[in-house]
Amino acid sequence: MKVWFLGTGTSQGIPVIGSSHPVCLSNDHKDKRLRVSVWIHWDNYSYVIDCGPDFRQQMLVSKCPQVDGILFTHEHADHTAGLDDIRPFFFKQGDIPIYANKRVIENLKRRFDYIFEQENKYPGAPSVHVKEVKSNQPFTIGNKIVQPFVALHGSLEVMGYRIDDFAYLTDVKTIADEEIAKLKGVKVMVVSALRVEPHPTHFNLEEALDFIKIVQPERAYLTHISQHMGFHEEVQKQLPENVFLAYDNLEITI
Ligand SMILES: [Zn+2]
């Protein structure tokens, strides 16, 4: 299984529009971060986690040929605002399966009402096939089982996903012990780490590293990174040897 980091930035992306922060002015491609998402593919299967406002650009850059489904972590715009751009995949493939909890589905129905419209639908609008995810119910994508788990983003419940030895969790501030237990034995984990300073709804770097110590994956990748984390190259040097700052268009093999 391969995991392509389509975007590794926080909600505004890096560079932030109009910002003169040194990281926003960096010429290192690893300091340029689109909104957070991954493309997971194996055999002939191809799925993405989240579908933010940079989805179109990410699909073009990665040359992702098909989307067999989208797994949503939560409804915030940096994770969902690109949903309209599934249209090219819909035209080729038909209704695109989306996996999300009930609250996220209801939110998407309000914000993208035309996508869910059943009558007098505009012919160019895409359609989705809704698959409701419940935290204690594993489900199948392609020929693999997905174990969903929950964490809290402030007071908002977000969904993380484990597929075989790989786990993905973003926008987390706290996670219950029984949910951490679902990560036992995971080999590669992606987890969000916003910046060095604490934040009310996100792990900072220290919290993410503490969490990695508890889960003990062989390798961990940090994502959802803000410019306040610092320059990629400098931050990477300070990390434990099995922890990596993810960067856009990094592809890893699980
Ligand atoms: Zn986010």
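Helices, of at least four residues, and strands, of at least two, are taken here as DSSP runs numbered from the N terminus. In this predicted model, the protein contains eight helices and 14 strands. The radius of gyration of the protein is 17 Å, close to the 18 Å that the globule rule gives for 254 residues, and the protein is therefore as compact as a globular protein of that length. Along the principal axes, its C-alpha atoms fill a box of roughly 55 × 45 × 35 Å. Among the contacts with a separation of 6 or more, 60% are accounted for by residues 24 or more positions apart.

Seven strands form an open sheet with mixed pairing, in the order β7-β8-β9-β10-β11-β12-β13. Because β7 (139-141) and β13 (243-245) stand at the edges and each has a single partner strand, one side of each is left without a neighbour in the sheet. Neighbouring strands of this sheet are turned against each other by 25° on average, direction ignored. Helix α7 (residues 205-215) packs on the sheet, where it touches β11 (188-192), β12 (219-223) and β13, and its direction makes about 155° with that of β11. Strands β8 (residues 144-153) and β9 (residues 156-163) run antiparallel and are joined by eight bridges, and Val 146 stands opposite Ile 163 in β9.

Buried residues make up 43% of the 254 residues in the protein. In soluble globular proteins, nonpolar side chains tend to be buried together. The largest nonpolar core here has 64 residues, of which Val 38, Ile 70, Met 189, Val 191 and Leu 222 touch the most other members. Leaving aside neighbours within four places in sequence, the contacts of Val 191 include Leu 169, Val 172, Phe 203, Phe 211 and Leu 222.

Conventions: Residues are numbered from 1 along each chain as its sequence is written. This is a predicted model: local features need pLDDT of at least 70, side-chain atom pairs count only at pLDDT 80 or more; totals for chains, interfaces and linings use all residues. A nonpolar core is a set of buried Ala, Val, Leu, Ile, Met, Phe, Trp, Tyr and Cys residues joined through C-beta atoms within 7 Å. A residue is buried if 20 or more other C-beta atoms lie within 10 Å of its own, exposed if 12 or fewer, and partly exposed in between; C-beta atoms are placed from the backbone. Two residues are in contact if their C-beta atoms, placed from the backbone, lie within 7 Å. Two strands pair if DSSP finds at least two bridges between them. Axes are lines fitted to C-alpha atoms, for helices over the stretch in contact, and angles run from 0 to 180 degrees between N-to-C directions. The radius of gyration is taken over C-alpha atoms; the globule rule is 2.2 Å times the number of residues to the power 0.38.
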